[in-house]
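Please look over the model shown here. The report takes it from overall confidence down to single residues.

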Amino acid sequence: MATSRESQQGDVESEVITARRTESLDAPHILKLVESWTEKLFGRVNVVNIIEKAALAVTLCSNNDEIMGHAAFLDYPNIPDVDQSNWEDWFKQNYASGQISSLNTLFLHYFVAKKEYALGCAQEIIRTAFNAVPDLHFLFLSVPVGTFPDPSLAHAFKPMEKSESGHTGSSVLFVCKRHEHVPVLHIRQAFVEDHDDLTPIFNRQSEMLHNTYGDYFLAELIEAQDSDMQCLVAAVEKTSYGFMSISTDVNLDVLNECFELIPFNGLRKPHPDDDTVPPPPTPPATPPVDQEAGDFDTASVHSKANSTQGDQTSQSSQMAEPLPQSSVKESKDNSRAGSPASSVKRDQRLSDGGSPALVSNPADYMESVKESAEAVEKG
């Protein structure tokens with residue numbers, strides 16, 4: 001919303017205002033907007049208390065988050081001698097009630113605004129209230145007898161007509177009606193004449209229908225209405241602003257495939273032969289074993305085993321250097337002679353170049369190597 005005011009130099013200054021719900025922290029700023037007429041209209045009010053109890057509390061703020069106006073609406077009149085829970089009976093006795101009820105009515109209990117923006121703030125708050133509550137059709141303002149609303153409120157609230165049996169009490173009631181501030185939609189059946197109003201709406205949303213079905217697809221759809229397919233429009237003052245096509249031709253199988261409709265019986269009428277027992281839950285599938293990964297792991301194990309065996313061979317080769325054949329034979333005899341035959345184990349010969357021969361005792365082995373070396377030197 002944008003409001004404007006004229007400065008002393010004659011320039012028009014604009015102020016952009018946004019509406020939001022009121023918070024308790026706004027109370028100190030709201031009190032700064034109180035004018036001389038505020039207490040005359042609404043009496044002494046606890047602002048924090050009324051914000052917490054309000055059915056709807058609206059605050060208007062500027063671009064700088066400065067509070068420009070505030071209004072609080074409750075669901076009962078602010079008249080001391082009227083029962084808050086049974087105000088409808090009092091209303092019917094004193095005023096022409098018509099369609100007024102507790103479901104479509106709110107009462108203005110408090111309003112403040114910056115003096116230079118009061119008229120624009122009042123209009124914006126009223127419009128915000130009607131837009132925020134779709135079922136709201138009437139706003140009432142109750143003021144003491146002999147008091148007239150501030151001009152910012154008098155522009156929207158008009159005196160309420162009293163019934164013949166109504167008596168003058170301690171207050172006077174003013175009313176603000178929805179259709180005076182918010183357009184009222186009229187829902188009716190669509191006609192071919194609505195095509196010109198509806199086509200721009202469809203074209204702004206998407207050109208797919210226009211490219212697929214041609215320029216007059218909407219007129220053809222409206223003209224094809226029958227008992228199984230109907231078209232509706234939402235109109236304001238003979239101008240169409242919304243469109244809806246309703247059909248009984250529904251592919252229930254596709255809907256059941258795409259959505260979980262079991263709780264709604266698959267959108268079908270119940271039948272005695274229906275299977276109402278839900279199927280058992282499917283157990284989670286076991287992930288397949290990756291054969292290549294298994295082979296890779298096995299190969300890795302063999303590779304590590306060969307690597308370990310190779311390390312052992314390398315270390316043993318450093319300990320025992322190759323000897324002449326005669327020395328090897330002599331060392332074998334000495335080795336066998338120095339330990340029992342049952343304790344001597346041998347995997348491979350030294351000449352194989354693979355794993356070293358295994359002996360019963362490392363000390364005996366080293367001794368035999370030393371003796372073999374001495375024999376070579378003497379020879």
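## Model and confidence

This is a predicted model, in which local features need pLDDT of at least 70, side-chain atom pairs count only at pLDDT 80 or more, and totals for chains, interfaces and linings use all residues. Residues are numbered from 1 along each chain as its sequence is written, and side-chain values use heavy atoms, with hydrogens and water left out.

The average pLDDT (the predictor's confidence in each residue, from 0 to 100) is 78 for the protein. A score of at least 70 is reached by 74% of the residues. Residues 2-12 stay under 50. That stretch has 19 contacts (heavy atoms within 4.5 Å) beyond four places in sequence. Residues 315-359 are also below 50. There the model has 35 contacts beyond near neighbours in sequence.

## Overall make-up

The protein has 13 helices and 12 strands. These are DSSP runs numbered from the N terminus: helices are H or I with at least four residues, strands are E with at least two. Of its 379 residues, 31% are buried. Buried means under 20% relative accessible area, exposed means over 50%, and partly exposed lies in between (1.4 Å probe, protein chains only).

The accessible surface is about 25,500 Å², and carbon and sulfur atoms contribute 52% of this. Areas come from the Shrake-Rupley method with a 1.4 Å probe; for residues, only the protein chains shown count as cover. Among contacts with a separation of 6 or more, 64% join residues 24 or more positions apart.

An open sheet of 7 strands runs in the order S3-S4-S5-S6-S7-S9-S8, with mixed pairing. Two strands pair if DSSP finds at least two bridges between them. Strand S3 (18-21) and strand S8 (158-159) are the edges, each pairing on one side only. S6 and strand S7 (residues 138-144) run parallel, joined by 4 bridges. Leucine 108 has leucine 141 in S7 as its bridge partner.

Helix H5 lies across S3, S4, S5, S6, S7 and strand S9 (171-177). Its angle to S5 is about 45 degrees. Axes are lines fitted to C-alpha atoms, for helices over the stretch in contact, and angles run from 0 to 180 degrees between N-to-C directions.

## Salt bridges

Side chains of opposite charge can pair when their charged atoms come close. The count here is 6 salt bridges, each a side-chain nitrogen of Lys or Arg within 4 Å of a carboxyl oxygen of Asp or Glu. One of them joins aspartate 26 to arginine 20, with the closest N and O atoms 2.9 Å apart. Aspartate 26 is buried at 6% relative accessibility, while arginine 20 is partly exposed at 28%.

Lysine 114 and glutamate 66 meet at 2.4 Å, N to O. Lysine 114 is in the loop between strand S6 (105-113) and helix H5 (118-132), and glutamate 66 in the loop between strand S4 (56-61) and strand S5 (67-74), so the pair ties together parts 48 residues apart in sequence. Glutamate 124 and arginine 127 form another salt bridge, at 2.8 Å. They sit 3 residues apart in helix H5, separated by about one helical turn.

## Positive phi

Most residues other than glycine have a negative phi. Aspartate 65 has a positive phi of about 65 degrees. Its place is the loop between S4 and S5, and aspartate 65 is exposed at 56%. Glutamate 237 has a positive phi of about 50 degrees. Glutamate 237 is in the loop between strand S11 (229-236) and strand S12 (239-247), exposed at 74%.
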